[in-house]
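Hello,

My notes on what turned up follow below it.

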Amino acid sequence: MNFDAALDEIRRALPAERIVLEAGGLAAFESDGLTAFAVRPRAVVVPESEADVVAIVTACARHRVPYVARGSGTSLSGGSLPHQDGIVIALNRMNAILRIDPRERIAVVQAGAINLALSAKAAPHGLYYAPDPSSQQICTIGGNVAFNSGGAHCLKYGMTANHVLGLRVVLPDGTVESLGGESCEQVGPDAVGLFVGSEGLLGIATEVTVRLLPKPQAFHTVLAGYATLEQAGDAVTRIVGSGLLPGALEIMDRLSMDAAHAAVGAKYPAGCEAVLIVELDGAGDWVDVERRRLERLIADSGPVEVLIADDADERLKIWKGRKSAFSAVGRLSPDFIVQDGVVPRTKLAEALRGISAMSRETGIRVANVFHAGDGNLHPLIMYDGREPGALERAEELAGRIVALCVDLGGSITGEHGVGMEKRQFLSRMFSEEDIAAMKRVRHSLDPDEISNRGKVFPDAEAPSLRMYGLHPLEAAGQVSRL
Amino acid sequence: MNPSNATEADAASNRGRVERPETPDEAARIVAASERIVVVGRGTKPGPRAGDPVSAIRLDLSALSGILEYEPTEFTLTARAGTPLRELRAALEENGQYLPFDPPLVDAGASLGGTLACGLSGPGRVRFGGARDFVLGLRFVDGHGTIVRGGGKVVKNAAGFDFPKFFVGACGEFGAVLEWTVKVFPLPPVRRSFVVDGLDPARAVDTIVRLTTRPLDLDALDLRPEGERIAMRIRMAGEPESIERQVGTIASLLNVEPAEVGAIAWYELDDLTWCGADRTLVRVPTPLGKFSALLAAIDAEGADWRASAGGQLVWVSLPAEGFASFGRRMAALGLTGLTIRPSSGSPRGGRIGSSIERTFLTRVRQALDPQGRFGVLDA
């Protein structure tokens, strides 16, 4: 590796003000949404065009300098954690929404475009971009592509990969090419599908073509309180089993309700250990008919109280409480780890019992917020980082929860990705041969592992870490987690 | 592969064996021991691999058949690649569910593996998405003869590289998929079909735009030629009451009263029986913006067509002699097609039009199939 030679090349390609080397400037990039870790990179560079990205990557490739592409740094798995010998490529200035084509129902954006900005730009055409991670006010489409981000509406609408039609990518050797296209149908193999969710290991997407959907005409949002978590889980099974396909099916437990109440004043029915949020969406007529079926199903599931959003304001209030739940837990505990395991939907109750038993046994508080419709759990494991050994104990509990999810037939991650955080768990889900095949693909494109080195694979060379506090954006209430 | 690869001498002296493994391990051993493999399912779509050398060993997956796991409440189903879609449809319908990408050729005997290898979706893909959107996990034998698992068996999963999506449309390149896990959905309570006819291409595209930019419960949006004009089928799915009201919305949007038709009138689009044996059947994805230009290219070749997915997928029935010139026309439009069935006796197949093979795919091939056991399709 020859960092200085790479830097010289980059200096010839980019003006000095877009190359950050001083400690103060680098500090802002030390950490991402996985707040327990921080690493200072050697340099941060800020490209403004695909040509800039190619120049940077080519220099890194020639001199074997590791790089990490980064959007807004909201990864919850440490996916955009820098490498201590490497460069952070900050894509934030490449944030243009290049084209909205309402007739084709597609948009072409640069990687640094903000998720919610895209929907805002599409709104006048009656269209929107469906994937809605809780960080959508700040997270970038490029980051969503790298981690195949989800959100609250995945059961019906799918994840990021289901909405990306085409990509312009810079491969780790500096080659630029287009994958996919502009039609919803394509002739395969599905290279776009492989690239999305590869966590930056196969290259950098600079331009993304996504499909847009017609905005639902109507929503019907219900919040039902239950005496027990299990009852809320049973209600989910009933609803899904009935053939209804709600846009969202979310559960929050008592601790998360308390947190959301403390943080944003969200109100929940008294005497409930869990609330279920169900949202129907679509054409107005369809929602009208479905809501009657939903009402019957919920009434039969024995709720303590049912609140129905009467207008857009009340709907937004329900969602504000839900989407703020992660950062709100910061009110209950100085530090916490968010887990992202998935279990088969019918195993939800079993998983929750297991988690609550582990919490009792270890004395570590765990709040539960989850996408019940697709079995995606988000246990929030609380600890105090100033207390010696607390992080380690919390991580150990997190590991046991991940193991439980895999044992129940699920996954180690539903939407946050493997990143730094879950590398050691990948081999719980995949055999040596499975992982070897992924590595062969990676090495074929990136023999020196310069593109996001140290992530995803269990034995990957890890950047040296130190503990850190809450993400600055999160502490400021600008970022929340999902 | 070019037809010239399959010489008559090959055919006479060295016709490839057919191997029909009964277990995944057996399939892996066959791959490891063979220089050149062509993966075969149930034979309904010989087009993609029509140009492979006859000396290649046929890896027939029809014995690797059957549903392995089906959890209706989880919306997930795992089946071996050789499982006939008919069998899946029966099992799903018993539980009021279906494959939302609506695969064609079910009654012709198509297998799950062959359908996904060709990346085929049917008219119903308009509602929730195509084949790629419903694959969750797989097991495949790569070119090293190793069995690899990718994805998972739950409806949401972000762990590891997404091999399941990658293998949709791979046509037996890169490896032989032995097992798929797919996401399924509840069947809509009712479906009703309506026809609007007498459209010219510009008006047809305009009608598609009007319908697809609004939140209607569209289940299919197909087009076909009718004399000099185009007829459009609009299929709605959902609650009877809600469809009734939406038909009114559509009538006022389009300024015509759509005529209701039975499903049978459009059955041929699902089963592709309209394309004769002397014709080459090619599947051409296109953005809506190139739909009219593609129709002009089809006309210029004297070919017939049917369109699906709101004009974004065109099935072309091509006279045998038009294969090369149609390929050039598609390349000029920047489009790539896939041959599904060659015309009788012709070895012309594979992909046609604009090439999709570039650095990314080449590198992935070097990783998964460095010796090229599974071959490389044209284009």
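A:P189 sits in the loop of chain A between strand 9 (176-180) and helix 7 (191-195); helices (H or I, at least four residues) and strands (E, at least two) are DSSP runs, numbered from the N terminus. The peptide bond from A:G188 to A:P189 is cis, with omega near 5 degrees. Another backbone point is A:V456. It has a positive phi of about 70 degrees although it is not a glycine. A:V456 is in the loop between helix 16 (432-445) and helix 17 (472-475) of chain A.

Some ground rules. This is a predicted model, in which local features need pLDDT of at least 70, side-chain atom pairs count only at pLDDT 80 or more, and totals for chains, interfaces and linings use all residues. Residues are numbered from 1 along each chain as its sequence is written, chains are lettered from A and ligands numbered from 1 in the order written, and side-chain values use heavy atoms, leaving out hydrogens and water.

Now the interface. In contact (heavy atoms within 4.5 Å) are 76 residues of chain B and 86 residues of chain A. The two chains bury about 6,700 Å² between them, 58% of it on carbon and sulfur atoms. Buried area is the accessible area (1.4 Å probe) lost on putting two parts together, summed over both. B:K156, B:F161 and B:F360 supply 14% of the area that chain B buries against chain A, more than any other three residues.

The rule finds 11 salt bridges across this interface, each a side-chain nitrogen of Lys or Arg within 4 Å of a carboxyl oxygen of Asp or Glu. A:D173 forms a salt bridge with B:R363, with the closest N and O atoms 3.1 Å apart. On the side of chain B that touches chain A, helix 12 (residues 359-368) of chain B gives the largest share, eight residues.

Next, the cavities. A cavity is a set of points on a 1 Å grid over the protein atoms alone where a 1.4 Å probe fits but cannot get out; lining residues have an atom within 4 Å of a point. Points are joined across faces, edges and corners, and a volume is the space filled by probe spheres set on them. The structure holds eight cavities of 30 Å³ or more. Of its 44 lining residues, the closest to its centre are A:S75, A:G143, A:N144, A:A146 and A:F147. Helix 5 of chain A gives the most to this lining, with six residues.

Best wishes

Methods
On a 1 Å grid over the protein atoms alone, a cavity is a set of points where a 1.4 Å probe fits but cannot get out, and a pocket is an open set with protein on both sides within 12 Å along at least five of seven lines; lining residues have an atom within 4 Å of a point.
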